[in-house]
There are 2 protein chains.
Amino acid sequence: MIRIPFDEVHRVLTGVLLALGFEPARAQLSARLFAESTRDGVHSHGINRFPRFVQQIRDRVVDIHASPELVATCGAVERWNGRRGPGNLNAHSSMQRAIALCRENGIGCVALANTSHWMRGGSYGWQAAEAGVIGICWTNTQPNLPPWGATKPLVGNNPLVIAVPRAAGPVVLDIAMSQFSFGAVESYRLRGEQLPVDGGFDTGGVLTRDPAAIEASGRMIPIGYWKGSGLALILDLVAALLSGGSATHQIPTDPILETGLSQVFLALDLPSIDKNGIAEEVSRRVVESLRAGGQTVRYPGEQTLRLRRENLELGIPVDPRIWQKVQTL
Amino acid sequence: MIRIPFDEVHRVLTGVLLALGFEPARAQLSARLFAESTRDGVHSHGINRFPRFVQQIRDRVVDIHASPELVATCGAVERWNGRRGPGNLNAHSSMQRAIALCRENGIGCVALANTSHWMRGGSYGWQAAEAGVIGICWTNTQPNLPPWGATKPLVGNNPLVIAVPRAAGPVVLDIAMSQFSFGAVESYRLRGEQLPVDGGFDTGGVLTRDPAAIEASGRMIPIGYWKGSGLALILDLVAALLSGGSATHQIPTDPILETGLSQVFLALDLPSIDKNGIAEEVSRRVVESLRAGGQTVRYPGEQTLRLRRENLELGIPVDPRIWQKVQTL
């Protein structure tokens, strides 16, 4: 790994997007979201994913000039068409709109159809939290996870994000419905390590920690087995119903062709609801309660903040092969 | 097990509540919610739980005359104080209010503080779905689950419910954040069976399927390990922040004293958002997609509906000792 300053990563990615024809402000924002995910340690949906994003643009799966279009309004709920624009720009714009709706209505909901991969879901949680509101969002995906009781991938891993603002650092949960990502399983195999807990089935249908055995069967497990399986299904259903867009079973399984996704963005105006102004104190106590009796439990987002500070100071660690590849895109 | 007709179960439970001093309509509704949970196979939060509910009333932990009181309004979000009234009546009233709010605003949110155990969370999901809207609700609980990385129960198992209306039978997810409930672990032990998957740690800190070993350590695991741990924490935090009520670490750990809970009820007006009227068709296709390639995967709520029909026809199976106990309460 080499360390590259954040601004340099941002500048190089912006340059690639400008060369592809992005409008300047959109290139800046999309590149910033990729750079920030990398800065926060989520390389899989940061710089490591950037070449595939560029490929999707070159293959015209993603339309760099498309912005979301308002389709229908029902009070504090809006339905938008993402028009297969860049997934991170569409998601950012949708959360921004949900935040505006919640300022007026206490709560706001944007359902976005026909969008592309949003990359790191947590980005839109941080976006809400940094605006001082509670953010909840999720996306469906291509079918990549066998539901409990099946051997074939019929549901998506449908990441779910919940974010709470906090002066000392937001609490941001960003979890996919599979116990591990394919990328994580591959990393364990390449390091010659077993997974820390069961991550899927082997070809004989036995739960295993062996990454190679799971890759061979293709049978990842949902978090909590039947529970995460049901949660993945219903998140998909709600996203498709609210957005009027595609459900997982309608989304192409080729990773390069993955588009037409459905997403939901909810924002809750915490400052207005927190009439007595005790939100900071409540959050502090809840986080502290995790340290009771000398226990050391991290809250969601804690690790992110630590990594972010380190990487802003020392530079973002980047695989030199990826860095070289990105510079020649 | 003996089988008792639904109406008979409802009548007997109503009689007990009337004798305790409930107003007639409130006795009817509270008893109906207990009877319906039992009818749907959720005995643990139906009739089997009824004696403890009565105990909480006798111990004045639950105030049978208290109704929720509106504390603050912020657009489509309302904050209510449950005043330690009966948890199922408070939750039912809160979801009803969220449904009314969503009819006006597309989306509605009720945050309820200072309430008692809502019994079966799924009841309020079915309530929303039967009203034709999407319902999402969750509750915090007393600390009963060690978060990932801890040995002591510092978070709650904080059940999460998501429900989608559907003519052929709603899709209703009702999941606690622990892989198994204490009741389920006990049942496996009494039957001399191992859990189907790891459910906790033994006293040596090794993951195990042995129910007795988990009971000995008290170390249940969250669904998806670190993922469910984070989800439990943030659901608690959001419930406490929105309701202005207690977080898990402030809730008494004695099961009889468990009250002062915080809950969130969200409703989304699907009929108004579904401008093109394709919701039924989308739901049908998503459910059917689970059968692709001869797979047999149940959707959340499917089993409930099957059991409900069977129990309405044949009578509700009730443990004769419980039935006798309830009749003498």
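Helices (H or I, at least four residues) and strands (E, at least two) are DSSP runs, numbered from the N terminus. A:Thr115 lies in one such run, strand E4 (residues 107–116) of chain A. The model is predicted: local features need pLDDT of at least 70, side-chain atom pairs count only at pLDDT 80 or more, and totals for chains, interfaces and linings use all residues. Residues are numbered from 1 along each chain as its sequence is written, chains are lettered from A and ligands numbered from 1 in the order in which they are written, and side-chain values use heavy atoms, with hydrogens and water left out.

**A:Thr115**

- Leaving aside residues up to four places away in sequence, A:Thr115 is in contact with A:Gly85, A:Gly87, A:Asn90, A:Thr259, A:Gly260, A:Leu261 and A:Gln263, where contact means heavy atoms within 4.5 Å.

**Interface of chains A and B**

- Contacts link 78 residues of chain B with 78 residues of chain A.
- About 6,400 Å² is buried between chain B and chain A, 77% of it on carbon and sulfur atoms; buried area is the accessible area (1.4 Å probe) that two parts lose on being put together, summed over both.
- Between chain B and chain A there are 0 salt bridges, defined as a side-chain nitrogen of Lys or Arg within 4 Å of a carboxyl oxygen of Asp or Glu.
- On the side of chain B that touches chain A, helix H8 (residues 226–243) of chain B supplies the largest share, 13 residues.
- By class, this side of chain B has 51 nonpolar, 18 polar and 9 charged residues; Ala, Val, Leu, Ile, Met, Phe, Trp, Tyr, Cys and Pro count as nonpolar, Asp, Glu, Lys and Arg as charged, and the others, Gly among them, as polar.

**Strand pairing in chain B**

- Two strands pair if DSSP finds at least two bridges between them.
- Strand E10 (residues 259–268) of chain B is mostly covered, with 10 of its 10 residues buried.
- E10(B) runs antiparallel to strand E4 (residues 107–116) of chain B, joined by 8 bridges, and B:Cys109 has B:Leu266 as its bridge partner in E10(B).
- Strand E5 (residues 134–139) of chain B is also antiparallel to E10(B), through 6 bridges, with B:Cys137 opposite B:Phe265.
- E4(B) is largely enclosed by the rest of the structure, because 9 of its 10 residues are buried.
- Strand E3 (residues 77–81) of chain B pairs with E4(B) in the parallel sense over 5 bridges; B:Val77 has B:Cys109 as its bridge partner there.

Notes
Buried means under 20% relative accessible area, exposed over 50%, partly exposed in between (1.4 Å probe, protein chains only).
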